[in-house]
Amino acid sequence: MNEIMTEIKITKVKESRVNQVDLENVTMGFNFTDHMFICNYNNGEWHNPRIEPLALIPTHPAAMALHYGQAIFEGMKATLGKDGTPLLFRPLENAKRMNFSADRMGMPLFPEDLFVEALKQFTAIEKNWIPTKKGSALYLRPFIYADEPFIGMRAATSFKFMIIASPAGPFFSRKIKLYAEKKYVRAVNGGTGEAKAAGNYAAAIRPTEYAKAKGYDQVLWLDAHDFEYIQEVGTMNIFFKIDGKFITPSLTGSILSGITRMSVIDLLRSKGFEVIERTIKISEIIEASQNRTLEEAFGTGTAVGIAMIEEIGNNDLSIKFPEENPVSVMVNDTLNAIKVQDIKDEFGWIVEAK
Ligand SMILES: Cc1ncc(COP(=O)(O)O)c(C=O)c1O
C-alpha cells in the first residue's frame, strides 16, 4: 500500500449524537453512528481515504449502481473487550470476501490492509456507540458501489468504498421457523450467490415476505435445479446435528461462505465434534426426524450469531426439532464470550481496534 493510501484523513463531528440513542434497547439498522469512512476509485486507483461526519452523499441519477446493480457489501460486528478496547472479529476474512465479491461483479479490488486499517480507525472513533448489553454489538457495514454516471452495459470506472455503522441489540432471541422454498431460488451455480452482491438480497425480498406471511421467520433456500439440496437461510448458513455429528452444506458454488460458519466449524472441531461439509437433501432431514436421530439445528451469521431452529416447513412439510439444543447453546455462548474476552481467544480471531 502506498503512503497516501495508508493515511486516513479524519474530520470529527463537533458533538456526538450518541446520547440521543438508548444503546441498551436498540434494533439494528435504524440508528447510525456519527461518522462514515469514504474512499474513491477513479482513473484506475483508490484514493483519498477519509473519515467524515455522516452525511447524505450526492448521487447522480445515472449512477450505475442504481441501474445495473454493481454494488456489494460486507457485515461484521464490533464489541468491547474487558478493558474497554473495541474489538473486531476476523476483519481480514471480510476483506477477502469483499474482494471475492468485487471480482465476481466486475468491480475493483480494495486493498485488504486498508480495509482492516479503516475498520480499526473508524471503530475506535465510534467506540462510544458500541452497546454493552449481552449479545449486543456495533454492526459495521462496509460496501462498494458504482457511482459513475453512465447509461450502457459495461463495468463502471468510478466507485465509492464506504463504511457506516449501526448499534445492534441481540437479533433473534427466540427460536426461528424456516420456510423451505420450492418455487423461488436464491442462487444457481455460476450465478452470483457466492458473492455478497446487493442484487442477491433484492431477489430474496418477495419470497421472504411470502414466507413471513405464512408465519415463518426466514426462507430456507434449496438448490435451484431439483429443490432438494439444502443451501442456506436468508442471511445465515445452516448446521444440523444428526446422530452426534454436525453436517453443514458444502460450498458448492452458490452459497455464501459465512465467516461465522467457518468459525463454528473450527470451534466444534476443537470441542471434539465431527463436522462434515457435504451436500444434504431435505429428505435426509425428514428421515432423521422420523427415526429420531435429528438432534439440533441452527443458523449462523454475523447479524444473528447462532439462531436455534424450531421448525422447517412449507405447505406440505413440517419438520420439528427437539426442544433441547445444548451444543447450539454452547456454541453461541462460546462465540459471544470470545467476542467480549470473557474467555481466551485461542483461535486468534479477535483484532483490537486502536
Ligand atoms: C446469504 C447469507 N448467507 C450467510 C451469511 C452468513 O455470513 P457471515 O457469517 O459472514 O455473517 C450471510 C450474512 O452475511 C448472508 O447474507
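Does Glu232 count as buried or exposed, and at what relative accessibility? At 3% relative accessibility, Glu232 counts as buried. That's a value from a predicted model, as is everything else below.

**Salt bridges**

Searching the whole structure turns up 16 salt bridges. Here are three of them, including the one just described.

| Salt bridge | N to O distance |
|---|---|
| Arg50 – Glu52 | 3.0 Å |
| Arg97 – Glu74 | 2.8 Å |

The Arg97 and Glu74 side chains meet at 2.8 Å, N to O. Arg97 lies in helix 3 and Glu74 in the loop between strand 4 (71–73) and strand 5 (76–80), so this bridge ties together parts that are 23 residues apart in sequence. Arg97 and Glu74 are each buried.

Arg50 is buried, with a relative accessible area of 13%, whereas Glu52 is partly exposed at 25%. Buried needs a value under 20%, which is why 25% puts Glu52 in the partly exposed class.

**Rings**

On the aromatic side, the structure holds 16 aromatic pairs. One of them is Phe110 with Phe161, a stacked pair with 4.0 Å centre to centre and 20° between the planes. Phe110 comes from the loop between helix 3 (91–104) and helix 4 (112–125) and Phe161 from strand 8 (residues 159–168), so the pair ties together parts that are 51 residues apart in sequence. Phe110 and Phe161 are both buried.

Phe239 and Phe298 are stacked as well, at 5.2 Å centre to centre with 15° between the planes. This pair also links distant parts of the chain, 59 residues apart: Phe239 is in strand 12 (residues 237–242) and Phe298 in strand 15 (residues 294–301).

Arg154 lies over the face of Phe150, 3.8 Å from the ring centre, and Lys339 lies over the face of Phe89 at 4.9 Å.

**Two domains**

Zooming out, the chain is divided into domain 1 (3–170) and domain 2 (176–323). Their centres, taken over C-alpha atoms, are 28 Å apart. The contact takes 18 residues from domain 1 and 18 residues from domain 2.

How much area is buried between domain 1 and domain 2? About 1500 Å², with carbon and sulfur atoms giving 62% of it. And how many salt bridges does the rule find across the interface of domain 1 and domain 2? The count there is 0, against 16 found in the structure as a whole.

Terms used. Residues are numbered from 1 along each chain as its sequence is written. This is a predicted model: local features need pLDDT of at least 70, side-chain atom pairs count only at pLDDT 80 or more; totals for chains, interfaces and linings use all residues. Side-chain values use heavy atoms; hydrogens and water are left out. Rings of Phe, Tyr and Trp (its six-membered ring) pair if their centres lie within 6.5 Å; planes under 30 degrees apart count as stacked, over 60 as edge-to-face and the rest as tilted. Helices (H or I, at least four residues) and strands (E, at least two) are DSSP runs, numbered from the N terminus. Buried means under 20% relative accessible area, exposed over 50%, partly exposed in between (1.4 Å probe, protein chains only). A charge sits over a ring if NZ of Lys or CZ of Arg is within 6 Å of the ring centre and within 35 degrees of the ring normal. Domain bounds come from an automatic or database domain assignment. Contact means heavy atoms within 4.5 Å. Buried area is the accessible area (1.4 Å probe) that two parts lose on being put together, summed over both. A salt bridge is a side-chain nitrogen of Lys or Arg within 4 Å of a carboxyl oxygen of Asp or Glu.
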